[in-house]
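Good morning, and thank you for coming. Please have the sequence and the structure in view while I speak.

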Amino acid sequence: MTSTFPDISISTDRLVLRPFEEADVPALTAMMADDQITAWLASPVPYGEDRARDFVTRGAPARRTSGDGIVFAVTELLTQRLVGLVELHGADWRVLSAHALYATASWARGEGYASESLAAVAHWLFQDQKFERLELRTAADNTAAQQVAQKLGCISEGVLRNAWIARTRTENFGSSQTGTPGGWAEIRTDLIVWSLLPEDLDGSFDQFAGTGGYAPHPGWPRRH
């Protein structure tokens, strides 16, 4: 029988991490169309509302029910505005390890939301789900993602050489065998491997979420 994560939301002092809802489709579309996200993630190009709706209604729920991981929409507690996403994937239920992927919307950068949301997920994963390892992989030139990993307390374990395909903007670029349509070219790059273990988080969470810590909830307010 495949193990699965519970269908829950997680809150911090500033954020609520919850399952995606269909009402999130317009904001998700705008978030994923941002150049910084397109450059570093393997998301489709272009990323339209049809893709966003398929992810919200089919892809994200299937991640959890298949046992592969879980997807959280990161929203502001006060405004309920979508400000990012955190995904766990590649869950190994024997080894108790998983990989993390994260993105922050262009309109919410500089607020520390990526570190705060990842810290909340890590604490929940280690304390509530009894996992023993969380792994992150960042492209060699993605300094912003590396700073998030460092702030979280991750340990750099090494480099996977030539292991990722990133994208870069090109002038007058058309479809060809070496690129993608829409002004983007694909480039190979190294991946830096980061790990986080339960003991790496001891006493660290207050710096992300004040003294309130985090709280898992079995339900969440649905919008209609």
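The model before you is predicted. Its pLDDT averages 88 over the protein, and 83% of the residues score at least 70. Two stretches call for caution. Over residues 173-180 the pLDDT stays under 50, and the model has 12 contacts there beyond four places in sequence. Over residues 217-224 the pLDDT also stays under 50, with 19 contacts of that kind. Where pLDDT is low, the predicted coordinates should not be read in detail.

Now to the overall make-up. The protein contains 6 helices and 10 strands. It has 224 residues, of which 46% are buried.

Let us look at the helix pairs. Please find helix α1, residues 25-32, and helix α3, residues 49-65. Their axes come within 9 Å and cross at roughly 115 degrees. This crossing is right-handed. Which residues make the contact between α1 and α3? From α1 they are V25, P26, L28 and T29, and from α3 they are E49, A52, R53, F55 and V56. Sorted by class, this contact has 6 nonpolar residues, 1 polar residue and 2 charged residues.

The second pair is helix α4, residues 113-128, with helix α5, residues 143-152. Here the axes come within 9 Å and cross at roughly 50 degrees. Are α4 and α5 parallel, perpendicular or oblique to each other? An angle under 35 degrees would count as roughly parallel, and one of 65 to 115 as roughly perpendicular; α4 and α5 are therefore oblique. The crossing of α4 and α5 is right-handed. On the α4 side the contact is made by A114, S115, L118 and A119, and on the α5 side by V148, K151 and L152. Of these residues, 5 are nonpolar, 1 is polar and 1 is charged.

V45 and P46 are joined by a cis peptide bond, with omega about 0 degrees. P46 lies in the loop between α2, residues 35-40, and α3.

Q80 is not a glycine, yet its phi is positive, about 65 degrees. You will find Q80 in the loop between β3, residues 70-76, and β4, residues 82-92. K130 is not a glycine either, and its phi is positive at about 65 degrees. K130 sits in the loop between α4 and β6, residues 133-139.

Is T189 buried or exposed? Its relative accessibility is 10%, and buried means under 20%, so T189 is buried. Leaving aside residues up to four places away in sequence, T189 touches A139, A140, N162, A163, W164 and A166.

To close, I return to the point on confidence: residues 173-180 and residues 217-224 have a pLDDT that stays under 50. Thank you for your attention.

Terms used
Residues are numbered from 1 along each chain as its sequence is written. This is a predicted model: local features need pLDDT of at least 70, side-chain atom pairs count only at pLDDT 80 or more; totals for chains, interfaces and linings use all residues. Side-chain values use heavy atoms; hydrogens and water are left out. pLDDT is the predictor's confidence in each residue, from 0 to 100. Contact means heavy atoms within 4.5 Å. Buried means under 20% relative accessible area, exposed over 50%, partly exposed in between (1.4 Å probe, protein chains only). Axes are lines fitted to C-alpha atoms, for helices over the stretch in contact, and angles run from 0 to 180 degrees between N-to-C directions. Helices (H or I, at least four residues) and strands (E, at least two) are DSSP runs, numbered from the N terminus. Angles under 35 degrees count as roughly parallel, over 145 as roughly antiparallel, 65 to 115 as roughly perpendicular and the rest as oblique. A crossing is left-handed if the near helix is turned anticlockwise from the far one by less than a right angle, and right-handed if clockwise. Ala, Val, Leu, Ile, Met, Phe, Trp, Tyr, Cys and Pro count as nonpolar, Asp, Glu, Lys and Arg as charged, and the others, Gly among them, as polar.
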